[in-house]
Amino acid sequence: MPSDATAAGTTAAGAAAVPEGEARSLVAGHVLEFPGGYTRTTGPVIGRFLTELRDGRIVGVRTAGGRTLVPPLEYDPDTGEAVTGEFAEVGPAGTVESWSWVSEPRPAHPLERPFAWALIRLDGADTALVHAVDAGDARAMRQGLRVRPRWKAARTGHITDIESFVPEVTRIVSPVRTEYRVRPGKALARFLDGVARGVFIGCRCGSCGKVYVPYRLSCPECGVAITEEVEVPDTGTITTFAINNLPDPRAPEVPFVSAYILLDGSDIPMIALVGGVPAHEVRQGMRVRAVWVPEEERTASMSNIKWFAPTGEPDAEL
Amino acid sequence: MRDVAVVAFAQTRHSATDEGLGESELILPVLDEVRDASGLRTFGFTCSGSCDYLAGAPFSFVSALDALGAWPPISESHVEMDAAWALYEAWVRLQHGDVDTALVYGFGKSSQGDLREIMTLQLDPYYLAPLGLDQVSYAALQASARGADRAELDEIVRRSRAAGRDNPCALDLPDPEGDGYEVQPLRPYDVAPMTDGAAAVVLAAGDLARELCERPAWITGIAHRIEPHYLGMRDLARSASAAEAARAAGVGKGHVDVAELHAQFSHEEVILREALELPASTAVNPSGGPLAANPVMATGLIRIGEAARRITDGTASRAVGHAASGPCLQHNLVTVMEA
Amino acid sequence: MGNRCAVIGVGQTHYTTKRRDVSIAGLVREAAARALEDAGLAWKDIDAVVIGKAPDLFEGVMMPEAYLADALGAAGKPMMRVHTAGSVGGSTALVGASLVQGGVHDRVLVVAFEKQSESNATWALSTHLPFSASLVVGAGGYFAPHIREYMRRSGAPEHIGTLVAVKDRLNALKNPYAHLRIPGISRQMVESTPMLWEPIRYLETCPSSDGACAMVLSSEKAVTGTPAWVLGTAMRSEPIFRAGRDTVNPQGGKDCAADVYRQAGITDPRREIDVAEVYVPFSWYEPMWLENLGFAAEGEGWKLTESGATALDGDIPWNASGGVLSSNPIGASGLIRFAEAALQVRGMAGEHQVDGARRALGHAYGGGAQFFAMWMVGSDKP
C-alpha cells in the first residue's frame with residue numbers, strides 16, 4: 001500500500017451520494033516507470049542509422065521507388081514494401097520546413113532553454129527529420145532556415161546522443177515514466193472509510209439481494225445502482241488459496257498465503273493474506289478473522305488488515 | 001450494407017478536475033441514460049474504447065464490465081482507441097445480420113496524469129519518443145506547417161467556447177484572451193482543455209431502430225483511414241487520411257448541415273474542414289467540440305453522438321461525426337448520418 | 001455469421017526469450033510478410049489491418065497502431081487496435097474476420113505481437129494503482145487458487161498437471177517456431193522444479209516470449225491458395241466480481257463454446273473436432289477447459305488427460321503445437337492458437353500435423369478467466 005497517501009482536504013465532489021469521511025479526500029501519487037528503462041532492440045535499419053549517428057554521420061535509406069528516407073525505416077511508409085539495402089549519407093546540413101517554438105521546456109525535452117521543434121529536410125533526403133533547433137530566440141526561426149547538427153562530444157547511438165557507449169549499437173535504453181494523481185473512486189473510498197475504522201463496508205443489491213464486499217456503486221450481475229449499505233463482520237471462510245513462494249513487497253515473507261475469503265454475510269470472496277498459521281496448514285473451509293493493525297497505526301488503506309488468522313472454529317463446509 | 005442507426009446517446013457532464021469517481025464509476029450514469037432512452041437492457045454486441053496509459057494501470061477496461069452488469073455473459077470487445085472505433089467495430093458486427101443492437105461506450109480521466117507527456121508515448125519509440133516531443137509541441141509543428149491564420153484560429157476558439165457555454169455537458173470556458181504562447185504558434189487556448197468524462201451510444205439495425213427511436217440517425221457512410229506515422233514523412237499541412245475517409249464515407253454526396261470534428265487544437269479544425277470539403281454553410285462543432293470538452297477516449301464517440309443528436313432532435317437532416325487518433329491527425333474516422 | 005471467411009495465409013516468428021536482432025516494426029513485419037507469402041499476396045493486396053497486443057506497458061509504446069501503421073503497409077487503409085486482455089490474440093482474429101463476414105473488406109491482415117523482453121511481464125502486470133483493495137501476485141498468483149479449487153472439486157490426482165506439462169513440451173519439439181524445446185522432458189524433470197504459486201510448479205507455467213503471429217483473412221471470392229474456412233466465431237465476457245461467479249468453470253467460456261459449436265454444427269465436440277488449440281498457460285487449465293468446452297463432463301476432464309486422449313497420437317489432440325506452455329508472446333498467444341488451428345485443417349502444420357484434421361477449434365481467454373474468444377475452422381467450405 002502506498003505510504004504517501006494523503007488527504008487533499010479541499011477536493012469538492014459532485015453528486016449527492018458522496019460518502020463522508022477521511023477516505024473521500026484520499027489522493028496519492030502513482031508512478032509508472034519500468035526500472036532502468038525499456039531495452040529496445042533496433043533491428044538492422046534503425047541500428048545502422050544510430051551507429052552512423054554515433055560516428056557523426058547521418059544516413060538515409062533508399063526505397064525501391066528511389067526516395068531517400070531520413071530517418072530510415074525498414075519499409076516504404078507509403079507502400080509497406082521493404083526498403084532496399086542501400087544507405088546514403090545525407091546532410092549534415094539541412095533546411096527547416098516548418099517549426100514551432102517552446103518557450104518553457106518540459107523536463108523530458110532535449111534542451112533546458114527555449115528552443116524550436118522543427119521538420120528538417122537534410123540535404124540529399126526526401127523526407128524531413130524531426131528534431132530540436134537551438135536558435136536562442138523564436139525570431140531566429142524561419143521556414144527555409146539552413147541548419148547543421150551540433151554533435152554531442154560523447155555519442156552513443158541514440159537519437160539524442162545523451163550517453164556514451166562503446167560496442168556496436170544494438171539497442172537503446174528508453175526510459176518511460178508517467179506520473180499520476182490517483183483517487184480511489186467513490187466506492188473504494190467509502191470502503192476504505194470503513195477499513196479506517198476497522199469495519200468492512202459492503203452493500204446489498206436491491207435487485208438480486210446479493211451482498212458485495214468491498215462496497216460498490218452498481219451490481220455486476222444486474223447492472224443497477226446499489227443504494228443499501230451494510231456492514232459485515234470481519235470473520236469468514238477460506239474458499240481457496242495459493243501458497244506463494246515468490247517474494248512480494250506486500251507480503252511479510254515467503255512462503256505466504258493469498259486466499260479468497262468469504263466474509264460471513266457476504267456473497268463474494270475477497271483476496272487477502274492469511275497469517276498466524278504455517279502456510280501448509282491452511283485449508284479450504286478454514287474459519288478466519290481479520291487481524292487489524294493497532295488503532296493508532298491505522299490509515300484509510302488495506303494495510304490496516306495485517307492478515308486473516310484462524311479462529312480455531314471447526315472448518316465450514318464448502 | 002445493412003441499415004444501422006444511432007438511436008441513443010449520452011455523455012457525462014464533463015469535468016475539468018478529478019471529481020473522485022473511478023473510471024468505471026464515470027460510465028454508470030451514461031449507461032443508465034442510454035438504456036432508459038432506448039428501452040434496451042441487453043444488447044447483441046458491446047464494444048468500448050479506453051486507454052491503459054491514461055488510467056495508469058493495465059487492463060483499465062476490465063472493471064467497466066462490472067459496472068455494466070455483463071450478466072449473463074455478453075458478446076463484447078474492446079479497442080485501445082477512442083470509442084469512435086468501438087462504434088465502427090460494432091457497426092461492422094451489425095452488418096453480419098444476426099444481431100440487431102449494440103452498446104458502445106468510452107471513458108477517460110485525463111486529470112490523473114499529464115496528457116501532454118503521456119501522448120509522447122504513442123510516438124515512434126526510436127526516433128520521436130526519446131526526444132520528449134510532447135503533444136502540444138507536435139501539434140504546434142503541424143499548426144506551423146499549415147501556416148494557419150491567427151485571426152482564424154482565435155475565431156474558432158471563440159466560437160467553440162461560446163457554444164460550449166451553451167452545452168450543459170461541456171466546460172464553462174471564457175472567451176480567449178492573452179498573447180502568450182504555449183508552444184508557438186499555439187496559444188494556451190488553442191489547446192483542448194483537460195477533461196474527465198464518458199459517453200455511450202446505442203446502435204440498432206433496420207426496423208428495430210425505427211421502433212426504438214422516432215427519428216433515428218441512419219449511418220449512410222462510415223470509413224476510417226490511417227497514414228504514415230513519422231511526422232517528416234507526410235504532409236502535415238493537410239490530412240490525406242481524413243480526406244480519403246471522407247470520400248469513402250460519402251461526405252460530399254449531399255449537403256452537410258452539421259459537422260462535429262475531433263479537433264483538439266484550433267488549427268486541426270482548419271485542416272479538417274478542408275479535408276472533408278465542408279462548405280461555409282456547415283455548422284461546425286455546435287456542441288463546442290473538443291475545445292470546450294475533451295474527455296480523451298470518449299471525445300471522438302461524442303462527436304458522432306452530438307452529430308446524431310442533431311438528426312434525432314430534428315435540427316439537421318444530414319450530419320457528419322469525425323474522430324481522430326494518433327499524432328497530428330494521423331488516423332481519421334468519418335461518419336455520415338441522415339434522417 | 002455473415003459472409004464466408006477463410007484463412008489463406010499464416011505467418012509466425014520464432015518464439016524466444018529475447019529477439020535481440022529486430023526492432024518492434026521488424027518483429028511484426030517478419031510475421032506479416034510470411035503470412036503474405038503464404039497467401040501469395042503483396043502488401044498492396046490487403047484492404048485493412050487489425051493489430052492486437054496485451055497491455056502497452058510491456059513495450060512502453062502507447063496505442064502502437066499509430067507507430068506501426070506504415071510498417072504493416074496500412075498507409076491509406078483502415079487500421080484497428082484490439083485489446084481484450086489475454087484473449088486479445090483471439091479477439092484480433094475475430095475482429096478481422098468480422099470485417100470480412102460483414103462484407104466490408106475482402107482481404108484483412110491480422111497481426112498480434114509481444115516483445116516482452118523490452119521490459120518485464122511481472123512488472124507490467126503488477127503495477128497496482130494506489131488504494132487497490134485486492135492482493136494478487138502475477139498471473140500465477142491469481143490462477144493458483146482456482147486450480148486448487150478444481151483439484152478439490154474433481155478429486156483429480158496431483159500428477160495431472162505434470163502430464164500436461166510434459167505432453168505440450170513433447171509437442172513443442174515438433175514445432176520449429178516453439179520457444180521452450182526441452183530435450184528429454186519428463187515427469188521427473190517437471191516434478192523436480194519448485195512450486196512458484198502452489199499448486200503450480202515452475203515447469204507447469206508458460207514462458208515469457210518475444211514473437212509475432214499474422215494471418216491473412218479472405219472473403220470467398222478473394223481466396224488464394226489453401227483456405228481454412230471459418231465455421232463459427234464467438235466472444236464472451238463476464239464481470240470479474242459477480243457474486244457467485246464460478247471461477248473454475250466460468251459461464252462465459254461455456255456460452256462462448258456453445259455459440260461457436262452451434263454455428264459450426266458441432267453437437268459432440270469430443271468426436272466431431274479433430275484437433276484443438278486451447279489457451280493453457282498453466283498445465284492444470286487443460287483438464288479445466290476440457291470440461292468448460294464440453295469435451296468432458298464436469299469433474300471428468302482430468303481423466304481424459306490421464307488417458308492420453310489429448311496427446312498428439314490421442315483421439316482428440318490438444319495443443320499439437322506445444323501451446324502457450326511452450327510459447328507465450330502474451331498478446332500473440334491467442335492468435336497463435338487460432339492460426340495453428342487453421343494450419344491443421346489446411347494440412348500445413350508440418351511435423352505436428354494431426355493426420356486428416358478437418359475441423360479444429362482455436363481458443364483464447366483472458367482477465368480473471370472472464371474474456372473468451374473462440375473460432376472453429378474447417379477444411380470444407382460451410
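Hi everyone, let's start in chain C, where helix α1(C) is followed by Gly40(C), a residue with a positive phi, near 70°. A quick word on what you are looking at: this is a predicted model, in which local features need pLDDT of at least 70 and side-chain atom pairs count only at pLDDT 80 or more, while totals for chains, interfaces and linings use all residues. Residues are numbered from 1 along each chain as its sequence is written, and chains are lettered from A and ligands numbered from 1 in the order in which they are written.

Back to that helix. Helices here are DSSP runs of H or I with at least four residues, strands are runs of E with at least two, and both are numbered from the N terminus. How far apart are the end C-alpha atoms of α1 (residues 24–39) of chain C? They are 23 Å apart, which agrees with the 22 Å that its 16 residues should span at 1.5 Å a residue; the expected span is 1.5 Å times one less than the number of residues. The helix is mostly covered, with 13 of its 16 residues buried, meaning that 20 or more other C-beta atoms, placed from the backbone, lie within 10 Å of the residue's own.

Staying in chain C, an unreviewed UniProt entry lists residues 250–369 as "domain: Thiolase C-terminal"; such annotations may be inferred rather than shown by experiment, and positions are in the numbering used here, with feature names shortened. That stretch is 44% helix and 9% strand, and its end C-alpha atoms are 7 Å apart.

Next, where chain A meets chain C. The contact takes 54 residues from chain A and 48 from chain C, counting two residues as in contact if their C-beta atoms, placed from the backbone, lie within 7 Å. Which element gives the largest share of chain A's side? That is β16(A), with five residues. By class, chain A's side has 30 nonpolar, 15 polar and nine charged residues. Here Ala, Val, Leu, Ile, Met, Phe, Trp, Tyr, Cys and Pro count as nonpolar, Asp, Glu, Lys and Arg as charged, and the others, Gly among them, as polar.

β16(A) also pairs with strand β5 (residues 195–198) of chain C, antiparallel, over two bridges; pairing takes at least two DSSP bridges between the strands. Asn244(A) has Trp197(C) as its bridge partner in β5(C).

Last, chain B: it is divided into domain 1 (4–113 + 194–212) and domain 2 (115–192 + 216–338), with bounds from an automatic or database domain assignment. Their C-alpha centres lie 21 Å apart.

Key
A residue is buried if 20 or more other C-beta atoms lie within 10 Å of its own, exposed if 12 or fewer, and partly exposed in between; C-beta atoms are placed from the backbone.
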